[in-house]
Amino acid sequence: MTGRLARIARTTRILSSVAAILLIAGCTNYYEIPIETPIKPKLDVSAFQRVLVAGFIAGGTDDVDGNLETTRLLRSQLRTKSELRVIDTDVLPLMEVANEDKGAPQEANAESPKTDGKTDGKTDGASDGKEGKSDPKVEARGEAPQPASPDKAAVIKDAKDLEPYEHVFADVEYWKKIGEEYQNPLIVTGTVMFTPHQRSGIVQREEEVYDSFGRRRVVPVRTYMERKGYILQPKFIFIDGRTGTVMHSENFREEVLYNANQSTPALSSYFELMDRLIPSFLSTLSSQRIKGTRVLLE
Amino acid sequence: MPIRTLTILLLLGTSAAPLAADARSDAKKQVQFGIAVAQRGLWREAIYRWERAVQIDPKYAEALNDLAIAYEHEGDLEKARVAYEKALELEPNNALIKQNYELFKEINDRTTRKDSQDNQNP
């Protein structure tokens with residue numbers, strides 16, 4: 001009986017040491033290492049040396065000129081974060097071009113296009129008769145982007161109002177002409193909707209509470225809140241200036257909401273939302289590197 | 001007769017174990033060298049070493065994990081995905097490989113989402 005017990009004890013000891021050895025062997029060495037993952041650009045823009053941010057058909061709120069601000073912002077981002085040379089010129093009067101193409105001047109058409117910076121003295125209405133298009137489309141050049149008329153922006157209040165203008169992006173002849181004018185650049189254009197937005201409902205937030213012993217606790221509290229903010233919906237369209245055809249287009253949607261009693265200027269909300277989109281926009285044209293850490297194992 | 005068969009099988013079994021151990025030991029040397037060079041930024045050399053390690057011992061999950069990281073660093077996301085998935089197939093409970101894979105997936109999903117997102121005419 002004693003011999004049997006001793007045998008069992010010995011077997012248990014052997015088994016436990018084997019388990020310990022296996023456990024130690026299982027604990028592999030590891031090394032944290034920083035890595036940078038390169039993300040290839042979505043578009044091959046190697047054929048282009050220059051980029052023209054032509055302008056946008058914008059609408060939503062009158063507080064922000066979506067066309068002018070988006071053009072300025074994208075130009076400055078491309079200047080610093082892409083290898084393409086950014087062409088500085090006036091924003092193209094795309095709404096007018098779209099209206100002329102349709103041959104039915106609309107409310108917005110009554111406004112003079114923002115070609116104030118023109119130096120050649122041609123008039124905006126001077127049509128060349130070719131497909132209903134006129135020279136002003138390619139004449140809109142100057143030193144700096146000119147502000148678009150607020151009345152124009154007011155015409156477009158929601159995404160549906162944009163539809164009558166969108167055909168301009170498919171106007172190959174027009175973009176080819178623009179391309180020739182600026183020595184075949186990559187053209188960036190599109191639409192920008194920046195609309196006020198409000199939402200009310202139950203919101204969960206954290207609140208500090210103190211119990212009878214004076215101990216502080218943070219508890220989630222669900223409250224009904226009125227919130228307001230903005231929705232930014234840009235559509236970036238990339239056009240080949242050599243052929244006038246659309247190479248790529250991308251839709252984005254970002255929104256921000258604030259407490260109703262918080263007054264945030266529309267322009268700062270616009271920049272806040274654009275900030276979120278810019279990396280995605282840039283990754284279309286230039287490669288990005290995403291930094292991170294991984295664990296190497298032995 | 002059965003005793004002879006059993007003996008042969010036993011011999012085969014005992015000789016296979018050291019062979020596998022040798023393969024793992026050779027592969028481990030490659031992995032260690034790969035780690036040393038990767039830490040100095042020589043990722044191409046590291047890839048070479050870890051590929052060798054996987055050739056020597058195809059069931060070496062850690063080598064596959066390291067190889068996946070190197071592919072990721074080089075921007076070869078498809079190869080990285082395959083290597084991570086093989087590593088996890090071999091060691092599904094390895095928390096470190098899982099963690100690396102999750103981080104990789106975040107980036108990979110983002111790029112594939114982007115690719116499929118648009119490319120449509122306006």
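Helices and contacts in a predicted two-chain model

Modeller: Helix H2 (residues 43–56) of chain B has 14 residues and spans 20 Å from its first C-alpha to its last, close to the 20 Å expected at 1.5 Å a residue. The expected span is 1.5 Å times one less than the number of residues. Helices (H or I, at least four residues) and strands (E, at least two) are DSSP runs, numbered from the N terminus. This is a predicted model, in which local features need pLDDT of at least 70 and side-chain atom pairs count only at pLDDT 80 or more, while totals for chains, interfaces and linings use all residues. Residues are numbered from 1 along each chain as its sequence is written, and chains are lettered from A and ligands numbered from 1 in the order in which they are written.

Biologist: Which residues of H2(B) are buried?

Modeller: They are Ala46(B), Ile47(B), Arg49(B), Trp50(B), Ala53(B) and Val54(B). A residue is buried if 20 or more other C-beta atoms, placed from the backbone, lie within 10 Å of its own, exposed if 12 or fewer, and partly exposed in between.

Biologist: Where do they sit around the axis of H2(B)?

Modeller: They lie on the same side of H2(B), because they cover an arc of only 165° around the axis. The arc is that of the directions from the helix axis to the C-beta atoms.

Biologist: And what about chain B overall: how many helices and strands are there?

Modeller: Chain B has five helices and zero strands. Of its 122 residues, 30% count as buried.

Biologist: At what angle do H3(B) and H4(B) pack?

Modeller: Helix H3 (residues 61–74) and helix H4 (residues 77–90) of chain B pack at about 160°, with their axes 8 Å apart. Axes are lines fitted to C-alpha atoms, for helices over the stretch in contact, and angles run from 0 to 180 degrees between N-to-C directions. H3(B) is therefore roughly antiparallel to H4(B); angles under 35 degrees count as roughly parallel, over 145 as roughly antiparallel, 65 to 115 as roughly perpendicular and the rest as oblique.

Biologist: Which residues make that contact?

Modeller: Among them are Leu64(B), Ala68(B) and Tyr71(B) of H3(B), and Ala80(B), Ala83(B) and Tyr84(B) of H4(B). Two residues are in contact if their C-beta atoms, placed from the backbone, lie within 7 Å.

Biologist: Changing topic, how many residues of chain B are in contact with chain A?

Modeller: 27 residues of chain B are in contact with 28 residues of chain A. On the side of chain B that touches chain A, the largest share, nine residues, comes from H5(B).
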